Amino acid sequence: MLKTNKPILNLKLIPRLLLWLGITNGILMAVVIYNPHLLKPLIQAGIPLTNLCGIPVLGDAVRAANTPQITVQELRQLIDNKDPKLLLIDVRSLEEYEYTHIPGAIFVPLTEIEQGRGINKIQALITGNRLITYCAVGKRSNKALELLKKAGIEGTNVKGGIHEWREKIDPSMPEI
């Protein structure tokens, strides 16, 4: 065995290594947050990313990747065609809903879904209908759909929420 007095790891490099790892991790997080669909292949491969749902920022991206999404353009088409099977649920707060909402939306806040009352309301309305949920940008509605799925109710989330609706469909809607 060769003996040497030199350390195996140069201690001066540790801060640089940690900085590099932090920057790399930050870039990865930013990419995943804005493109949650990039997580789908990992989820489909059986990697248990749902365990990360408790982590605030990453959990939102995992939820979004696990939840069917509909664009605001597709939702508008359903509304314009007066789809009788459309059940559009707004999961925002009462104040947000009263201020503005997408036409035809029914108010069932996330807080009620978390308490179980909202799940009962949706179960009473869902029979034969297609559930679509939305909130401001998609985080709360993804969480609502995760809770509803545990109760046996499948649904779809409006990608980008009411912010996307206002930006791409109805610019006359009050700014949120």
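Predicted model: local features only at pLDDT ≥ 70, side-chain atom pairs only at ≥ 80, totals over all residues.
I started with burial: 34% of the 176 residues in the chain are buried (under 20% relative accessible area with a 1.4 Å probe, protein chains only; exposed is over 50%, partly exposed in between). Numbering runs from 1 along each chain as its sequence is written, and side-chain values use heavy atoms, with hydrogens and water left out.

Next, the fold. I found nine helices and five strands (DSSP runs numbered from the N terminus: H or I of at least four residues for helices, E of at least two for strands). Their order along the sequence is α-α-α-β-α-β-α-β-α-α-β-α-β-α.

Then I looked at α8. Its twelve residues reach 17 Å from first C-alpha to last, close to the 16 Å expected at 1.5 Å a residue (1.5 Å times one less than the number of residues). Ser-141, Asn-142, Ala-144, Leu-145 and Leu-148 are its buried residues. They sit on the same side of α8, because they cover an arc of only 160° around the axis (taken from the directions from the helix axis to the C-beta atoms). Just after α8, Gly-152 has a positive phi of about 90°.

Last, Gly-155, in the loop between α8 (139-150) and β5 (156-158). Is Gly-155 buried or exposed? Buried, at a relative accessible area of 13%. Leaving out residues up to four places away in sequence, Gly-155 touches Pro-68, Leu-131 and Leu-145 (heavy atoms within 4.5 Å). Pro-68 is 87 residues away along the chain, yet the two C-alpha atoms are separated by 7.2 Å.
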